[in-house]
Amino acid sequence: MSTIERGTQVPAHWRLLVCGLFLLTSCPITAQADEGIVDVHTLPKLQGAIEDNSRADPNRMQYGVPTVVAATAAAAKKMLSADGWVPYVRPLDETNTTLAFKKGRQGLSVSFTQGLGRPDQSVVYYSPDRIYSNVPFPEGAIDLVFDETRPYLGCIAPAAFDATVNFYTREMAAIGWRKLTPETAAIWPNADLTATVPNGIRAFYDHPDGDSTQFYKQKPVMLTLTRRDDGRTNVEIRIAPFALPTDLQSEEMSGLPAPKPYKSASGKSNARAATHEVTVAALADLPAVLAFYHREFAARGWTEEGNAALAPGDEAAVKFSSPEETGVLHLGRKYDFTMVTLTAQVKEAVLAARARAKKDADDKFMQDAEAMAKQVIAADEARRKSQAATLSDSPLQAQAGSNTPLPLPENAQEVNFDSDDGRLEFNSTSSVKAIAAFYRASLKQAGWKEQPSVINQPNMAVLEFAKGSKTISMTVMQMGPKVNVSADGSGLVMAAAKPASSGKPSSNGKPSSSDQAGASATSAGPLEADAESALPVPKQHSSTSLGTAKLPGIEAPFRRELDASVPAELSDVLAFYRTELTRLGWQEKPDGAAISADRVQLAFASPQGPATLKLGRANGETSVSLVQKNPDAATKADIMPKPGQAKLMLGNMSTTDAQLTINKQTIKVAAGAGGPQSPKGPTLDLPPGKYQYSLKMPGRPARNDTIEIAAGDAWGLMVGPTGEVLPIQMY
């Protein structure tokens with residue numbers, strides 16, 4: 001054993017080690033379980049369950065069973081109920097497919113998905129929930145509506161009135177609730193404990209332990225028990241009215257005031273009907289919400305014009321008007337919320353004045369734009385003529401020593417030839433006229449026959465040649481002080497042996513195709529979201545693109561589409577999107593779901609509107625197509641299809657009128673329709689399906705093609721400057 005003599009200097013790291021050992025021996029370490037959180041791995045599982053341990057998580061359990069989702073959900077609810085877990089639904093969340101349970105002071109969420117590629121199988125997920133506001137559930141109660149955060153409880157107790165009163169007197173005290181007295185309620189200035197209810201009783205409680213721990217701090221609650229004609233008892237527990245906020249804050253939604261705090265709120269606008277509306281589930285008593293709107297109307301200069309007719313569920317309805325709008329406020333109660341619906345509509349006179357002002361502004365804009373365009377065109381024409389003067393019209397000779405199948409003029413520069421794809425490009429200091437003459441003469445001598453072309457201008461010419469089954473297409477265009485020549489076609493393809501890949505880059509500095517295929521190995525590690533992407537995409541993507549569709553003057557896009565390729569397994573990408581989209585508030589819909597080993601198609605409801613996720617496999621990677629639609633923005637842009645139909649919008653960017661025939665209808669599309677000078681082109685509402693269409697323009701051959709449209713889609717058919725038709729999905 002080594003020893004250290006007295007007086008020897010001990011190294012610092014030894015002293016730290018000794019201190020650390022002393023602390024470990026003098027301070028016992030204990031780990032205390034959180035009694036408010038259930039260990040989901042100890043819960044019962046359905047028969048035939050196969051637990052998934054690939055992603056170990058102490059707060060989540062996942063297992064598969066050989067039954068469809070509907071049968072699995074019913075069996076899980078029955079099994080957990082038998083184990084003492086009481087199922088309930090949350091207020092305003094009645095349609096949620098996730099099951100919620102309570103057992104004592106512990107909560108549990110159980111969700112379900114279809115098995116990957118197996119619609120006859122299901123996956124079950126257990127996650128713990130913390131019950132922040134615990135109140136007793138009567139044994140055997142039905143129609144349980146419960147919010148574990150406020151609290152709120154509404155149910156029907158099977159016991160008679162007196163037995164239910166005794167139950168709550170005993171059980172509320174057992175979990176720390178104290179019945180309020182005038183003395184203990186003195187801190188609440190507006191507390192009134194004397195209120196009575198017909199055929200029942202009302203009592204108020206607080207939770208004094210929460211005042212000391214501050215962890216489960218509770219507001220006072222009001223317990224209401226009433227007799228039912230069938231011998232059972234109605235039960236409701238909610239925050240006491242005197243503990244609710246009275247001075248509500250305002251939040252702007254769709255140009256209208258919404259009271260805060262709230263459980264949920266949404267605003268929407270309908271440009272076609274010139275209306276906007278806000279709906280709110282306010283966490284306040286109805287008199288406080290009504291006082292909020294009296295204050296907001298006065299602050300905005302709006303005039304209240306008496307009571308309006310009550311709608312079902314209303315307790316108050318008020319008409320109001322402003323210099324530009326008229327509207328109605330509806331207030332009602334549901335659970336412990338005050339339900340608000342506030343609707344405003346623009347007056348007809350205001351709409352007419354706005355239309356006139358917009359027309360005047362558009363006319364001035366077009367006049368200014370036309371004048372500016374003429375100036376730009378004149379300046380460009382002068383510049384082009386000045387540059388064209390430097391180009392030579394002298395006859396050209398063929399360049400000696402060229403190894404391209406198409407002869408090159410003697411002054412060809414920056415030549416780029418791809419023999420595999422049959423593409424050639426170069427620049428020249430000769431004029432468009434001289435280069436066109438050079439190729440007409442040289443190719444004619446080589447047996448090529450020129451096809452007629454309508455484009456033969458001093459600054460641009462298009463040449464088409466054919467020889468047997470081979471073709472060559474050339475575009476000769478003045479580009480500043482030079483002329484650019486680009487050619488392609490089967491007449492330029494040269495067969496050549498392709499050497500095996502060496503792993504080195506090609507002549508253009510990019511990896512060869514075989515190297516790229518080898519690079520698409522499956523991504524290692526968990527997929528992480530790219531924080532800079534507007535729509536979720538893994539950081540590990542090999543390619544990605546994001547497109548948005550919106551009209552000028554409308555900030556929100558009415559369609560967003562993300563395409564990506566991810567070097568990861570399809571199941572990992574699917575799990576990534578389910579996690580990320582759920583985190584963003586997207587809800588997966590069962591309608592039209594298709595899941596297999598190499599293909600996934602899922603529908604979602606996002607906060608902005610419907611969305612679709614498609615996954616597939618290509619080149620050893622998972623392809624991603626994520627589309628999100630915004631009905632409010634589409635309605636504002638006036639491109640929203642009618643229910644069950646698709647909308648087709650026609651445009652014409654050429655200088656010649658066109659006729660388009662589709663679905664046995666022939667529509668004239670004027671020159672410029674759908675462009676800057678005439679934004680509104682013809683539109684059609686069609687049933688979903690596949691349609692053939694034909695386009696006719698003077699002096700051009702007819703163009704025939706097909707387009708397939710689905711219900712709820714909006715497509716544009718735009719005629720280009722040279723008569724081609726470009727289909728574009730707008731919504």
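The legends below describe close-up views of a predicted model.

**View 1. The whole chain, for orientation.**
The chain contains 10 helices and 41 strands. Of its 731 residues, 36% are buried. Among contacts in the chain with a separation of 6 or more, 50% are between residues 24 or more positions apart.

Helix H3 takes in residues 161-174. At 1.5 Å a residue, its 14 residues should span 20 Å, and the end C-alpha atoms are 20 Å apart, which agrees. Buried in H3 are Phe 161, Thr 164, Val 165, Phe 167, Tyr 168 and Met 172. An α-helix has 3.6 residues a turn, so residues three or four places apart point the same way. Strand E8 (152-157), strand E10 (200-206), strand E11 (221-227) and strand E12 (233-239) are included in what covers the buried residues of H3. On the face turned away from the buried side, the exposed residues are Asp 162, Asn 166 and Ala 174. After H3 comes Gly 176, which has a positive phi near 100°.

**View 2. Charged side chains over aromatic rings.**
Two places in the chain are shown here. The charged end of Arg 227 sits over the ring of Phe 161, at 3.8 Å from the ring centre. Phe 161 is also one of the buried residues of H3.

Helix H6 covers residues 348-388. Its 41 residues, at 1.5 Å each, should span 60 Å; the C-alpha atoms at its ends are 58 Å apart, which agrees. Val 350, Arg 384 and Gln 387 are buried in H6. The buried residues of this helix pack against strand E20 (337-346) and strand E26 (470-479).

Strand E15 (residues 262-270) and strand E16 (residues 275-282) run antiparallel and are joined by eight bridges. Ser 269 stands opposite His 276 in E16. The two strands, E15 and E16, form a hairpin with four residues between them. In the turn, Ala 274 has a positive phi of about 55°. E16 also pairs with E20, again over eight bridges and in the antiparallel sense. Here His 276 stands opposite Ala 344 in E20. Strands of a sheet pair through backbone hydrogen bonds, either parallel or antiparallel.

**View 6**
The structure holds 16 aromatic pairs. In one of them, the ring centres of Phe 292 and Tyr 293 are 4.8 Å apart and the planes are at 80°, so this pair is edge-to-face. Both Phe 292 and Tyr 293 are buried. The rings of Phe 297 and Trp 302 have centres 5.6 Å apart and planes at 35°, so this pair is tilted. Phe 297 and Trp 302 are both buried. Ring pairs link Phe 292, Tyr 293, Phe 297, Trp 302 and Phe 320 into a cluster.

**View 3. An open sheet of six strands.**
The six strands follow the order E1-E2-E6-E5-E4-E3, and their pairing is antiparallel. Strand E1 (50-51) and strand E3 (86-88) stand at the edges. Each edge strand has a single partner strand, so one side of each is left without a neighbour in the sheet. Within the sheet, strand E4 (residues 99-103) is joined to strand E5 (residues 106-115) by five bridges. Lys 102 stands opposite Gly 107 in E5.

**View 4. The surroundings of Leu 613.**
Leu 613 is part of strand E32 (residues 610-618). With a relative accessible area of 0%, Leu 613 counts as buried, because the cut-off is under 20%. Leaving aside residues up to four places away in sequence, Leu 613 touches Tyr 577, Val 600, Gln 601, Leu 602, Phe 604, Val 624, Ser 625 and Leu 626. The C-alpha atom of Leu 613 is separated by 6.6 Å from that of Val 627, a residue 14 places away along the chain.

Technical notes
Residues numbered from 1 in each chain as written. Predicted model: local features only at pLDDT ≥ 70, side-chain atom pairs only at ≥ 80, totals over all residues. Heavy atoms only, no water. Expected span 1.5 Å × (residues − 1). Buried < 20%, exposed > 50% of the residue type's maximum accessible area, 1.4 Å probe, protein only. Contact = heavy atoms within 4.5 Å. Phe/Tyr/Trp six-rings, centres within 6.5 Å; stacked < 30°, edge-to-face > 60°. Lys NZ or Arg CZ within 6 Å of the ring centre and 35° of its normal. Pairing = 2+ DSSP bridges.
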